[in-house]
Amino acid sequence: MIRTPACVALIACGLAAVVVAQASLTGEWAMSFTTPRGGRSEYTLYMTQEGPRLTGHLTSEYGETPVKGSVNGDEVKLAWSIIENGKPMDISVTATAKGDAINGTIKLGTVGEGVFSAERTGGQ
């Protein structure tokens, strides 16, 4: 019987560590990506994490765009839409979070894919 409470405590500590690690995505991020044609775009990404759900927005000289997403362990998924040449374009990111960096792939509608990266800034 002594082992059962110890196992429960160990599992609870492990789950608490996962929740704390996931909560670390809330904040301000310097985000950039390369387009399939070799162009580079830079934004500031503001995210709030509530459990596995991510919400926030991107800002650039062109304005502000809402972003939504999810986190599962270190896997991060983000999505937003923009108007490109008068037509909506869905953008999605699949990436991995490690510490103060998120790196992965961005899909720009039917245009193609590029490299995505984001680094936490000092702002919250």
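For the exercises below, Ala, Val, Leu, Ile, Met, Phe, Trp, Tyr, Cys and Pro count as nonpolar, Asp, Glu, Lys and Arg as charged, and the others, Gly among them, as polar. The model is predicted.

**Exercise 1. The largest pocket**

Determine the volume of the largest pocket, the classes of its lining residues and the strands that contribute to the lining.

Solution. 
1. The volume of the largest pocket is about 500 Å³.
2. The lining comprises 22 residues, of which Phe33, Ser41, Tyr43, Ile82 and Glu84 are the closest to the pocket centre.
3. Sorted by class, the lining has 11 nonpolar, six polar and five charged residues.
4. At least two lining residues come from each of β2, β3 (53–60), β4 (63–72), β5 (75–84) and β6.

**Exercise 2. The aromatic pair**

Identify the one aromatic pair of the structure, classify its geometry and state whether each partner is buried or partly exposed.

Solution. 
1. The structure holds one aromatic pair, formed by Phe33 and Tyr43, with 5.9 Å from centre to centre and 10° between the planes.
2. Planes under 30 degrees apart count as stacked, so the pair of Phe33 and Tyr43 is stacked.
3. Phe33 belongs to strand β1 (residues 27–34) and Tyr43 to strand β2 (residues 40–50); they are 10 residues apart, and the pair links distant parts of the chain.
4. Buried means under 20% relative accessible area. Phe33, at 4%, is therefore buried, whereas Tyr43, at 21%, counts as partly exposed.

**Exercise 3. The largest nonpolar core**

Describe the membership of the largest nonpolar core and the contacts of Leu78.

Solution. 
1. The core has 23 residues; those touching the most other members are Leu25, Leu78, Trp80, Ile102 and Phe116.
2. Each of β1, β2, β3, β4, β5, β6, β7 (101–108) and β8 (112–120) supplies at least two core residues. The largest share, five residues, is that of β6.
3. Leaving aside residues up to four places away in sequence, Leu78 touches Leu45, Met47, Leu54, Val67, Lys68, Gly69, Ile91, Ser92, Val93 and Phe116.

**Exercise 4. The surroundings of Ser92**

Locate Ser92, classify its accessibility and list its contacts.

Solution. 
1. Ser92 lies in strand β6 (residues 87–98).
2. With 31% relative accessibility, Ser92 counts as partly exposed.
3. Beyond residues up to four places away in sequence, Ser92 touches Leu78, Ala79, Thr105, Ile106 and Lys107.
4. Ser92 and Ala79 are 13 residues apart in sequence, yet their C-alpha atoms are 4.4 Å apart in space.

Conventions:
Residues are numbered from 1 along each chain as its sequence is written. This is a predicted model: local features need pLDDT of at least 70, side-chain atom pairs count only at pLDDT 80 or more; totals for chains, interfaces and linings use all residues. Side-chain values use heavy atoms; hydrogens and water are left out. Rings of Phe, Tyr and Trp (its six-membered ring) pair if their centres lie within 6.5 Å; planes under 30 degrees apart count as stacked, over 60 as edge-to-face and the rest as tilted. Helices (H or I, at least four residues) and strands (E, at least two) are DSSP runs, numbered from the N terminus. Buried means under 20% relative accessible area, exposed over 50%, partly exposed in between (1.4 Å probe, protein chains only). Contact means heavy atoms within 4.5 Å. On a 1 Å grid over the protein atoms alone, a cavity is a set of points where a 1.4 Å probe fits but cannot get out, and a pocket is an open set with protein on both sides within 12 Å along at least five of seven lines; lining residues have an atom within 4 Å of a point. Grid points are joined across faces, edges and corners, and a volume is the space filled by probe spheres set on the points. A nonpolar core is a set of buried Ala, Val, Leu, Ile, Met, Phe, Trp, Tyr and Cys residues joined through side-chain atoms within 4.5 Å.
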